[in-house]
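The following note sets out points for a colleague reading this model.

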Amino acid sequence: MGYQLLAELVMLLHFGFLAYVALGGFMAWRWPWAVVPHAAAVLWGALNATVGIPCPLTAWEDAARRRAGELGLPRGFIDTYLTGVVYPEEHLLTAQLLVAALVVVSWTGFVLRMRRSAAV
């Protein structure tokens, strides 16, 4: 029971991280200091998506599921929970580009807000 609960918590943390990568830049509109950790999260997400750097959260969830007696993650986190579930497999690149567009919009808005507040 303990490892299964741990696996579920890591899975929720992973979903939270993905949401933060996609939407965390909007937090910087309210809290400008938030742009720095968001930039680090975006860099990590981009490296993971393009270079294939393994995510420790995926490894932790997989290990916890195996210790709980489950099969573990058959594929990576995104391939298990998102690709083919939330969007069709052939639209993975589209989903990645939409996340990138959200990041660009949030950072553009951040820069515009900072310029506006500096001009006041």
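1. In this predicted model, helix 1 (residues 2-23) and helix 4 (residues 56-67) have axes that come within 8 Å and cross at roughly 160 degrees. Angles over 145 degrees count as roughly antiparallel, and helix 1 and helix 4 are therefore roughly antiparallel to each other. The crossing in which helix 1 passes helix 4 is left-handed.

2. The residues that make this contact can be listed from both sides. Helix 1 contributes Tyr3, Leu6, Ala7, Glu8, Val10, Met11, Leu13, His14 and Phe17, and these meet Leu57, Thr58, Trp60, Glu61, Ala64, Arg65 and Arg67 of helix 4. Sorted by class, the contact of helix 1 with helix 4 has 10 nonpolar, two polar and four charged residues.

3. Is Glu61 buried or exposed? Glu61, which is found in helix 4, has a relative accessibility of 0% and therefore counts as buried, the cut-off being under 20%. When neighbours within four places in sequence are left aside, Glu61 is in contact with Ala7, Val10, Met11, Leu73, Phe77 and Tyr81. Among these partners, Ala7, Val10 and Met11 are in helix 1, while Phe77 and Tyr81 also belong to an aromatic cluster with Phe15.

4. Helix 1 also packs against helix 6 (residues 92-119), at an angle of about 55 degrees and with the axes 7 Å apart. Helix 1 is thus oblique to helix 6. Val21, Ala22 and Leu23 of helix 1 meet Val99, Leu102 and Val103 of helix 6. By class, this contact of helix 1 with helix 6 has six nonpolar residues, with no polar and no charged ones.

5. Helix 6 has a further contact, with helix 3. The axes of helix 3 and helix 6 come within 12 Å and cross at roughly 160 degrees. Helix 3 and helix 6 are therefore roughly antiparallel to each other, and helix 3 passes helix 6 in a left-handed crossing. On the helix 3 side the contact is made by Val35, His38, Ala39, Val42 and Ala49, and on the helix 6 side by Gln96, Val103, Ser106, Trp107 and Phe110. The class count for helix 3 with helix 6 is seven nonpolar, three polar and no charged residues. Val103 is named here and is also listed in the contact of helix 1 with helix 6.

6. Where does Ala34 lie? Ala34 is in the loop between helix 2 (27-30) and helix 3 (35-50). With a relative accessible area of 1%, Ala34 is buried. Residues up to four places away in sequence not being counted, Ala34 touches Tyr20, Met27 and Ala28. From Ala34 to Gly24 there are 10 residues in sequence, and the distance in space is 7.8 Å, C-alpha to C-alpha.

7. The aromatic residues form four pairs in the structure. One of them joins Phe26 and Trp29, whose arrangement is edge-to-face, with 5.3 Å centre to centre and 65 degrees between the planes. Phe26 has a relative accessibility of 29% and counts as partly exposed. Trp29 is likewise partly exposed, with a relative accessible area of 29%. Phe15, Phe77 and Tyr81 form one aromatic cluster.

8. Arg75 is found in the loop between helix 4 and helix 5 (77-81). Its relative accessible area is 45%, and Arg75 is partly exposed. How far apart are the C-alpha atoms of Arg75 and Val120? They are separated by 51 Å, and the two residues are 45 residues apart along the chain.

9. Some remarks on the whole chain complete the account. The secondary structure comes to six helices and zero strands, and the elements run α-α-α-α-α-α from the N terminus on. The C-alpha trace spans about 60 × 35 × 25 Å along its principal axes. Of the 120 residues of the chain, 28% count as buried; Glu61 and Ala34 are among the buried residues. What share of the contacts between residues at least 6 apart in sequence joins residues at least 24 apart? In this chain that share is 60%.

Definitions and conventions: Residues numbered from 1 in each chain as written. Predicted model: local features only at pLDDT ≥ 70, side-chain atom pairs only at ≥ 80, totals over all residues. Heavy atoms only, no water. Axes fitted to C-alpha atoms, helices over the stretch in contact; angles between N-to-C directions. Helix = DSSP H or I, 4+ residues; strand = E, 2+ residues; numbered from the N terminus. Parallel < 35°, antiparallel > 145°, perpendicular 65-115°, else oblique. Left-handed = near helix turned anticlockwise from the far one by under 90°. Contact = heavy atoms within 4.5 Å. Nonpolar A, V, L, I, M, F, W, Y, C, P; charged D, E, K, R; others polar. Buried < 20%, exposed > 50% of the residue type's maximum accessible area, 1.4 Å probe, protein only. Phe/Tyr/Trp six-rings, centres within 6.5 Å; stacked < 30°, edge-to-face > 60°.
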